[in-house]
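Dear colleague,

I am passing this structure on to you. Please open it first, then read my notes below.

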Amino acid sequence: MLISVRQEIDSDYDVTIIGAGLAGMTAANILGRHGFKVLLLEAHNKLGGFATWFYRDSRQHVFDISLHGFPAGMIKTCRKYWNKEIADSIVQLKDVRFDNPQFSVQTEFTKTDFTQKLIEHFKIAPDVVTAFFEHLAQMNFYDQNQMTNGELFEKFFPGRNDVVRFLMEPITYANGSTLEDPAITYGIVFSNFMSKGVYTFKGGTDVLIEKMKEELLKNNVDIKLQARVEKIVTENKQVTGVVVKGKTVKTRAIISNGNIRSTVLNMVDEENFSSAFIEKAKNIRLNTSSCQVYMGFKAGTVLPKMGDLVFTSSYPTYVPERLLDLKVSSRTFSVYYPEDTRPQDPNARAAIVSSTNCRYEHWAALSKDDYESAKAEMIEDTLKGLEKYFPDLRDHLETVEAATPRTVERYTLHPQGSSFGTKFEGLEVSMNLHKEVHGLFHAGSVGIIMSGWLGAANYGVIQSNEVASYLSK
Ligand SMILES: Cc1cc2nc3c(=O)[nH]c(=O)nc-3n(C[C@H](O)[C@H](O)[C@H](O)COP(=O)(O)OP(=O)(O)OC[C@H]3O[C@@H](n4cnc5c(N)ncnc54)[C@H](O)[C@@H]3O)c2cc1C
């Protein structure tokens with residue numbers, strides 16, 4: 001049932017999910033299917049979390065925020081935990097491009113194609129390439145592997161900044177990983193992406209989330225939007241309810257899909273946790289945030305075939321810190337050809353979204369005027385960067401605007417607008433939450449590997465199993 005904004009919640013629940021991101025929704029769907037009484041509470045006025053979109057000019061333009069590319073594993077996850085219709089709409093992005101001062105390469109972003117490029121374009125010995133991929137494949141989350149990304153690349157490709165850029169830059173763009181992060185995070189994220197290429201949802205995020213909403217309702221999940229949970233209520237270190245708009249709703253278990261730091265440090269009374277656990281939660285580092293420029297084109301505009309996903313940079317070499325600069329030199333263009341992205345809509349307009357990984361503190365420090373001019377400058381620089389691939393774009397452009405880490409923070413409640421959750425240490429706190437407070441679980445972007453569309457959805461699966469066995473005890 002969809003509980004309207006004004007309607008009171010008048011039931012008790014087996015499980016309440018705080019937040020309707022991909023992890024929260026997937027967990028809610030599985031638990032609803034199992035026959036548990038599930039309440040899904042979302043602070044925003046729509047489902048999806050970061051898997052979201054917005055309209056402009058009376059819906060003539062639609063912009064997808066995070067539908068840029070995800071691994072093939074999403075097909076299996078959607079088929080098993082959502083439905084066939086959703087899974088069948090997932091299609092491969094065939095044309096991924098890199099363009100920077102060190103190389104211009106087109107790839108299908110598969111292991112086979114990457115192997116070929118490393119050997120033929122970058123002239124790496126075939127046995128080294130094989131050894132590198134074998135090493136990635138053997139990486140195991142449970143091994144105490146202390147190697148960093150930087151050490152991993154130095155081991156296989158010493159002194160080859162161009163190769164590191166080819167292998168690492170998409171991941172830095174995607175989730176802010178640096179050469180100092182544990183190599184296991186790279187191993188898992190990149191192996192996922194590389195096995196079978198990069199995929200997208202045909203129809204657009206709005207269509208996907210509507211289909212997910214229908215499925216949730218079919219599985220008897222109660223959904224309430226604009227319902228920000230203020231507090232998690234406990235008794236004797238056991239969850240008993242959530243407070244929404246001053247009213248307590250009783251529940252036997254909770255999955256928080258909010259940020260793990262906010263969940264532990266802001267939503268639950270501190271006395272529920274051991275001091276060691278609180279210390280660990282306080283030490284979790286947040287991931288970086290995102291800037292985006294959304295460009296919508298006039299009716300009838302035919303975009304040049306410039307690729308589906310284009311990783312561009314004007315910076316001479318690969319320096320992860322430079323990717324995060326306020327003065328952007330690197331950006332990823334997601335190109336939405338209307339006939340491919342929204343074939344169901346004959347009036348769909350062409351759109352391009354430029355994404356950049358960036359630091360919250362750079363943007364938070366700006367005064368109102370400086371913030372506005374920094375945004376205007378970012379838009380202008382993005383248009384200039386895009387003109388290389390679409391020379392007369394300004395003749396076709398109808399609407400353009402920008403989002404910054406401040407925007408991300410406002411809409412998603414993630415502290416500092418963190419777009420991929422937390423660094424690696426967040427995973428341990430998230431997974432052990434239920435050992436501190438009985439019945440309290442977390443599912444959402446943490447630890448780099450449990451983030452992104454697939455990571456978040458799969459983490460929802462893992463945690464829904466934990467909750468099901470907890471409730472069945
Ligand atoms: C610009 C950008 C581009 C991206 N591109 C890609 C990409 O190409 N591929 C990819 O795989 N991933 C991408 N991602 C990342 C991906 O979108 C996220 O990792 C994933 O969607 C996160 O899902 P989640 O379940 O962690 O929840 P989130 O999306 O973080 O959602 C959490 C939800 O909880 C709600 N909430 C929080 N606190 C409360 C509360 N107290 N009460 C009620 N509700 C609450 C929030 O409103 C939100 O809706 C991108 C992210 C960004 C920002």
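Which residues of H9 are buried? They are Thr205, Asp206, Leu208, Ile209, Met212, Glu215 and Leu216. Buried here requires 20 or more other C-beta atoms within 10 Å of a residue's own; exposed is 12 or fewer, partly exposed lies in between, and the C-beta atoms are placed from the backbone.

Two points on provenance. The model is predicted: local features need pLDDT of at least 70, side-chain atom pairs count only at pLDDT 80 or more, and totals for chains, interfaces and linings use all residues. Residues are numbered from 1 along each chain as its sequence is written.

Overall picture

The protein chain has 19 helices and 20 strands. These are DSSP runs numbered from the N terminus: helices are H or I with at least four residues, strands are E with at least two. The radius of gyration, over C-alpha atoms, is 22 Å, close to the 23 Å of the globule rule for 473 residues, so the chain is as compact as a globular protein of that length. That rule is 2.2 Å times the number of residues to the power 0.38. The C-alpha trace spans about 60 × 55 × 50 Å along its principal axes. Of the 473 residues, 50% count as buried.

Helix H9

Just after H9, Asn220 has a positive phi of about 65 degrees.

Core

The largest nonpolar core has 127 residues. Such a core is a set of buried Ala, Val, Leu, Ile, Met, Phe, Trp, Tyr and Cys residues joined through C-beta atoms within 7 Å. Val15, Ile17, Ala28, Val38, Leu40, Met74 and Ile254 touch the most other members. Leaving out residues up to four places away in sequence, Ala28 touches Ile17, Val38, Leu40, Leu216 and Val221. Leu216 is also among the buried residues of H9.

Strands

S6, S10 and S7 form an open antiparallel sheet, in the order S6-S10-S7. S6 (70–71) and S7 (90–93) are at the edges with a single partner strand each, so one side of each has no neighbour in the sheet. Pairing takes at least two DSSP bridges. S6 and S10 (residues 198–201) have two. Phe70 has Tyr199 as its bridge partner in S10.

S12 (residues 229–235) and S13 (residues 238–244) run antiparallel, joined by six bridges. Val229 is opposite Val244. The two strands form a hairpin with two residues between them, and Asn236 in the turn has a positive phi of about 50 degrees.

Best regards

Methods
Two residues are in contact if their C-beta atoms, placed from the backbone, lie within 7 Å.
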